There are 2 protein chains.
Amino acid sequence: MRMVYLDNAATTPLLPEVREAMLPYLGEAFGNPSCLHDWGDKARGAMEEARSQVAQLIGANAEDIIFTGSGTESNNFAIKGLALAQQNKGKHIVVSAIEHFSVLHSAKTMEKLGFEVSLVPVDKSGVVDPHDVEHATKKDTILISIMHANGEVGTIEPIAEIARIARKNKVVFHTDAVATAGTIPVDVNELGVDALSLSGNQFYGPKGVGALWVRKGVRIMPLLDGGVQEGGRRAGTENVPAIVGLGKAAQVAQASMPARIKHLTQLRDRLLTKLPAKIDHVVVTGHPKNRLPGNASFCIEFIEGESMLMLLNMQGVAVTSGSACTSRALKASHVLIAMKLSHAIAQGSLLFSFGLDNTAEDVDHVLEVLPPIVDRLRQMSPLYSKFTKQTKEAK
Amino acid sequence: MRMVYLDNAATTPLLPEVREAMLPYLGEAFGNPSCLHDWGDKARGAMEEARSQVAQLIGANAEDIIFTGSGTESNNFAIKGLALAQQNKGKHIVVSAIEHFSVLHSAKTMEKLGFEVSLVPVDKSGVVDPHDVEHATKKDTILISIMHANGEVGTIEPIAEIARIARKNKVVFHTDAVATAGTIPVDVNELGVDALSLSGNQFYGPKGVGALWVRKGVRIMPLLDGGVQEGGRRAGTENVPAIVGLGKAAQVAQASMPARIKHLTQLRDRLLTKLPAKIDHVVVTGHPKNRLPGNASFCIEFIEGESMLMLLNMQGVAVTSGSACTSRALKASHVLIAMKLSHAIAQGSLLFSFGLDNTAEDVDHVLEVLPPIVDRLRQMSPLYSKFTKQTKEAK
């Protein structure tokens, strides 16, 4: 059976050169970077090289990169750590309604600690209007967090514009760039943000490692207390092999980004244009133009996404319905609901996220196997028979 | 030059079989365990096998194991998450004065959030007296955290006795078993604890992974908010290769524990008995009997530990002065100070931590190279010349 992995938004495979870079640190070079001897020095040297590589990817200074254990940890650290460090100035936080749950639920935790949180809406393409951010910003607003792009629907947000509003109001501005760093150009100064989260396993680096960049001079409280690692900002023995892998992945991503974007955009557009021609009642979700190169997301009406992905899996095709982090919660995506899609339509969510190994044949395989699956499921769908009956009656 | 690694308390190398177990998950089996397709299923299956292996090591149920990113994260999660979840019953926390900073500094953070923290002292061997824990426990005490063993001085604490006190007072009891799990027998029911932290890189497993076991029915607030991974208790894409490695390391540790303990105890005792015979004014720190099998810790008077370890490193010998997590802070160890050693003596701290690859020849190598280093440094030490002058005058 042809195996087609189209779930690169959930996690990407390791590049062979990334794995090669990691292997010595899973072997002889096993030292703890905090130690004052040769084993420690070697680990520390490799870690600092990785820090430079990650910094270069996002146009930052290496000393402002803090390694974490995941994109989720970076987002928790940003929301909780930045809010707690600025709380003498106010206790109001602004986030968008379509943030990843690691941002949204961190903000909820801050509410329990006495902070106030405002959710900024999005339009039907998932775009945050900078004016809405401006209106939500108050005298006691101390933190704004808007994601660079949404991994579920692919929409890229107007971060630079929002950053100007944040700066004008002297509010710290964080962006969750987990879906973009290593995939499309990300430059902290062009974006004008104060803090930025990224994750290794989104661009062919390892799991178990992420980073938070915090602009020099912006205060942040540690999320993990303990030793003096990462300049006293994140305690715990550093995950050296994963950090080295993240650095290598950053370096390769930077060098090959234009070619990667071209490849992924071709595959994405092939599916975005051809699938609605093959299946009736398909809604393309997310922004038609300003979207992640590898993201083709749809809602297929009258069917539950879960059943489609089970049947696709039986045909060797791996996709997801919404975000990986919430797939086991089996709820309609908060992103699609915020985009004013009805629960009924949002339940038919299907996300194809392309990767470097995918080909046009993979797209054509989906175009071949998905329509009969949709037909089969619709034949069993009470919603669909109700709809067709109504349509016939109307004629 | 003979290279001798005697810093296994800072981190252990990966066992070859652990690395082998991890490699497939750094390759083709790269899936995200949250995903509902074959790639996800394979990753999830491997992760759940690892969960069982870790559970078996500590006599626990697999479903009560929560994977984390480090021992430090486990301790932060335990202190902050258990305290926040029990705060309706009270806001008093009891910890010992010699806890790892990931416990002590987490307790400090809770103080900032309105909790009260009591530090229980230790005797000159580093032992916590259970009566002191009982005296510190009040009506509003909701959490006691005492480490199973101290990695710096090796002292093993009377956890089962303290657990009885905690249970009698209906207080949740956490133990930091980072220094013991995988090294000496650890059974959560024999110890009688409610929560227990462990770390992979302490017993030949990978960095970047730890675990927190929480007894069924004991409530804990997440430290990392977001997706529904780990039963909704710890969000973030799971570090599958590292989790698989942790599981394998747990399995091997359990099978080979008696042989390992025998080997390490022989090396430890060889150094503990022979070093004071070779060098004057040496204090063995920690408990003479109830100590970690691989831990030989000393204070060498009239010298700073840092200078000794630099010179030892030049001879190919890797040791540490205090804990790795704080070595770059260059302060006298809070553990030794709590054991009533003077700052002057505590500064001469030297920790030799043996591992599976060490031999009796490694011990003899230390016994050969260390005395001339000590002589050389003492000749430059004003404290030592003052002392010898006083001794001569006394004669």
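Contact here means heavy atoms within 4.5 Å. By that rule, and leaving aside neighbours within four places in sequence, A:E230 is in contact with A:M47, A:R51, A:I65, A:I66, A:F67 and A:E238. This is a predicted model, in which local features need pLDDT of at least 70, side-chain atom pairs count only at pLDDT 80 or more, and totals for chains, interfaces and linings use all residues. Residues are numbered from 1 along each chain as its sequence is written, chains are lettered from A and ligands numbered from 1 in the order in which they are written, and side-chain values use heavy atoms, with hydrogens and water left out.

- A:E230 sits in helix α8 of chain A, residues 229-232. Helices (H or I, at least four residues) and strands (E, at least two) are DSSP runs, numbered from the N terminus.
- A:E230 counts as buried because its relative accessibility is 8%. Buried means under 20% relative accessible area, exposed means over 50%, and partly exposed lies in between (1.4 Å probe, protein chains only).
- The A:E230 side chain reaches the backbone nitrogen of A:F67 at 2.7 Å. A polar contact is a pair of N or O atoms within 3.5 Å; within protein, one must be able to donate a hydrogen and the other to accept it, and residues adjacent in sequence count only if both atoms are side-chain atoms.

**Salt bridges**

- Side chains of opposite charge can pair when their charged atoms come close. A salt bridge is a side-chain nitrogen of Lys or Arg within 4 Å of a carboxyl oxygen of Asp or Glu.
- By this rule there are 23 salt bridges over all chains.
- A:R51 pairs with A:E48 in a salt bridge, with the closest N and O atoms 2.7 Å apart. Both residues belong to helix α2 of chain A (residues 38-57), 3 residues apart, or about one turn of the helix.
- Relative accessibility is 7% for A:R51, so this residue counts as buried. A:E48 has a relative accessible area of 34% and is therefore partly exposed.
- A:R51 also meets A:E230, side chain to side chain, in a salt bridge of 2.8 Å, N to O. This pair links distant parts of the chain, from helix α2 to helix α8 of chain A, 179 residues apart.
- A:K80 forms a salt bridge with B:D225, the closest N and O atoms being 2.7 Å apart. A:K80 lies in helix α3 (residues 71-86) of chain A and B:D225 in the loop between β8 (210-214) and α8 (229-232) of chain B, so the pair joins two chains.
- Shared partners join A:E48, A:R51 and A:E230 into one network of salt bridges.

**Helix α4 of chain B**

- Helix α4(B) spans residues 101-112, 12 residues in number, and reaches 16 Å from its first C-alpha to its last, close to the 16 Å expected at 1.5 Å a residue. The expected span is 1.5 Å times one less than the number of residues.
- Its buried residues are B:F101, B:S102, B:V103, B:L104, B:S106, B:A107, B:T109 and B:M110.
- Their cover includes these elements of chain B: α3 (71-86), β3 (92-96), β4 (116-120), β5 (141-145), β6 (172-176) and α11 (334-338).

**A three-stranded sheet in chain B**

- The strands of an open sheet run in the order β9-β10-β12, 3 strands with antiparallel pairing. β9 (282-284) and β12 (349-353) stand at the edges, each with a single partner strand, so one side of each is left without a neighbour in the sheet.
- The twist averages 25° from one strand to the next. Axes are lines fitted to C-alpha atoms, for helices over the stretch in contact, and angles run from 0 to 180 degrees between N-to-C directions.
- β10(B), residues 295-300, pairs with β12(B) in the antiparallel sense over 5 bridges. Two strands pair if DSSP finds at least two bridges between them.
- B:A296 has B:F352 in β12(B) as its bridge partner.
- Helix α9(B), residues 240-278, lies across β9, β10 and β12 of chain B and runs at about 20° to β10(B).

**B:T180**

- B:T180 is in the loop between β6 and α7 (188-191) of chain B. It counts as buried because its relative accessibility is 0%.
- Not counting residues up to four places away in sequence, B:T180 touches B:H148, B:A149, B:V186 and B:L292.
- The side chains of B:T180 and B:H148 make a polar contact at 2.7 Å.
- B:T180 and B:M147 are 33 residues apart in sequence and 9.4 Å apart in space, C-alpha to C-alpha.
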